[in-house]
Amino acid sequence: LADALAADPESSELQVARRELEARILSASMDADADDGRSPGTFRWPLSMKFAELPSFPEGEHVLNSVTDGGWGPFLTSRGGAALVAAAKSQAMMLDALSFPVSLAWVLHSCGAVQWPRSSGRVVHVLVLGATARAEQRIFAETQYWQELSKLLVKQCEVRFEFVGPELDADASGCMHPCTPPCAKTFLASRPELTPENTICAIFNGGFGNFVESGQDSLLWSWWPDLLYLSERRFLCCFFCANDYADLKGEVAIHASLLGSRFVVAPRRNPFAMATVYSGDDADTDARKEWFNGNSYAYAVCGYEPEIRHSECAAYEDETSQRKLLAKVLSSVRATAEARGELEVQAGEPPTLVGSRSARPPEAPATQPVVVEGLAAEVAKAAPSKPPHADAPDDAPFSQGTGGADPPPPPQTSL
């Protein structure tokens, strides 16, 4: 193939063959790295691939102000100009990795998940729950990408990261904390200085709502004690999901019908999702084909309404109670579908993070139920929706996908 391309570099057929060969090689490398007994996750780039270096962070607040619903194009332009935009076009791995810190910045800043005090410089801890060695830890160890969040929020606070999860590796950084579930409850019990006033919890692609499609509920019950604990303590929790037809739909139903969670950011599509879209095996129809795209949806909760919380929540270890809780979630999903996408959730006030200098827990604000529309119509679909950019033209911004389990070649698209 190399000889043929050298002889005829303009051949479109040979160019297609080259891209297909590169995709197969990349896919084989991903599969080899992922075959370690851990969950494959949404960040599957081979360990041999190196991350791109980012340019120096520019001064001023214009970069933070570019973290809006406009998505990657305006942010990359503001962050590094045409050179960074060009790099992003050919390196999907960079966008996939940057999706973690920039998505969280978008929820906190653009979506208004938190209120900041007038004084700046106070320490705010970002607790990444369910973190894995393959994704969050690797990005932290091999790049400065996570520090994008620190630089974006430099006027608001000093960010300190803590990564907690059962699939982390111990290292010398001091901020990786491998532990078995319930991870949040165990870790926070050992760190009483981390309080709802100085800590943000971030959960990237937790997947505990997927059981509404897969029927496998073990992941939900591994997360359940932490979901209860975090809502009872009134920690701000920012959740990111890899699809709407299963993960988002199930998670929102769990929060709304069981936990009675207060939503400070209603479910919505994330403009800073990963660039890579993975497709499952072919199904009977395209409508039933599974897909996932890391961090493609987001929402945030803080606290709960006691009157709405399901009475069986605390008895989750009992099989009878588990069946009742699962039945309630599935009933909620069906009711949402029958209501044509209207979903009533409890609205909450964004908490004020005052930093590490205060230890008094925040007062629980009174809230009223609201109807979430728009995205709720997608959340309620009985069949999987199309993945992001499924109908987009070939030159759509940063659009790409995979066939079967194969990952895409680096995107060659325009903003």
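Helices (H or I, at least four residues) and strands (E, at least two) are DSSP runs, numbered from the N terminus. The structure described here is a predicted model, in which local features need pLDDT of at least 70 and side-chain atom pairs count only at pLDDT 80 or more, while totals for chains, interfaces and linings use all residues. Residues are numbered from 1 along each chain as its sequence is written, and side-chain values use heavy atoms, with hydrogens and water left out.

The secondary structure comes to 13 helices and 11 strands. The protein has 415 residues, and 52% of them count as buried. Buried means under 20% relative accessible area, exposed means over 50%, and partly exposed lies in between (1.4 Å probe, protein chains only). The accessible surface is about 18,300 Å². Carbon and sulfur atoms account for 50% of that surface. Accessible areas come from the Shrake-Rupley method with a 1.4 Å probe; for residues, only the protein chains shown count as cover. Contact means heavy atoms within 4.5 Å. Among contacts between residues at least 6 apart in sequence, 76% join residues at least 24 apart.

Confidence was considered next. The predictor's confidence in each residue is its pLDDT, from 0 to 100. The mean pLDDT of the protein is 83. A value of 70 or more is reached by 77% of the residues. Residues 358–367 stay under 50, and the model has 19 contacts for them beyond four places in sequence. Residues 373–384 also have a pLDDT below 50. That stretch has 31 contacts in the model beyond near neighbours in sequence.

Strand β2 (158–165) is mostly covered, with 6 of its 8 residues buried. Two strands pair if DSSP finds at least two bridges between them. β2 pairs with β1 in the parallel sense, over 7 bridges. Within this pairing, Val128 has Phe163 in β2 as its bridge partner. β2 and β3 also run parallel, joined by 3 bridges. Here Gly165 stands opposite Pro178 in β3.

Helix α8 (residues 183–190) contains the buried residues Cys183, Ala184, Phe187 and Leu188. Seen down the axis of α8, its buried residues fall within an arc of 105°, so they line one face of the helix. The arc is that of the directions from the helix axis to the C-beta atoms. The buried residues of α8 pack against β1 (123–129), β2, β3 (176–178) and α10 (218–233).

Glu136 is placed in helix α6. Glu136 counts as buried, at 3% relative accessibility. Leaving aside neighbours within four places in sequence, Glu136 is in contact with Phe100, Val128, Gly130, Ala131, Trp146, Phe163 and Phe204. Glu136 and Ala97 are 39 residues apart in sequence, and their C-alpha atoms are 8.2 Å apart in space.

Charged pairs complete the description. Side chains of opposite charge can pair when their charged atoms come close. A salt bridge is a side-chain nitrogen of Lys or Arg within 4 Å of a carboxyl oxygen of Asp or Glu. A search of the whole structure finds 10 salt bridges. One of them joins Glu148 and Arg79, with the closest N and O atoms 2.8 Å apart. This pair links distant parts of the chain. Glu148 lies in helix α7 (residues 147–152) and Arg79 in helix α4 (residues 72–90), 69 residues apart. Glu148 is buried, with a relative accessible area of 2%. Arg79 is buried, with a relative accessible area of 4%.

Arg138 forms a salt bridge with Glu142, and the closest N and O atoms are 3.4 Å apart. Both residues belong to helix α6 (residues 133–142). Arg138 and Glu142 are separated by about one helical turn, because they are 4 residues apart in this helix. Arg138 counts as buried, at 4% relative accessibility. Glu142 counts as partly exposed, at 42%.

A further salt bridge joins Glu312 and Lys324, with the closest N and O atoms 3.4 Å apart. This pair, too, links distant parts of the chain. Glu312 is in the loop between β9 (297–304) and α12 (319–338), and Lys324 is in helix α12, 12 residues apart. Glu312 is buried, with a relative accessible area of 18%. Lys324 counts as partly exposed, at 44% relative accessibility.
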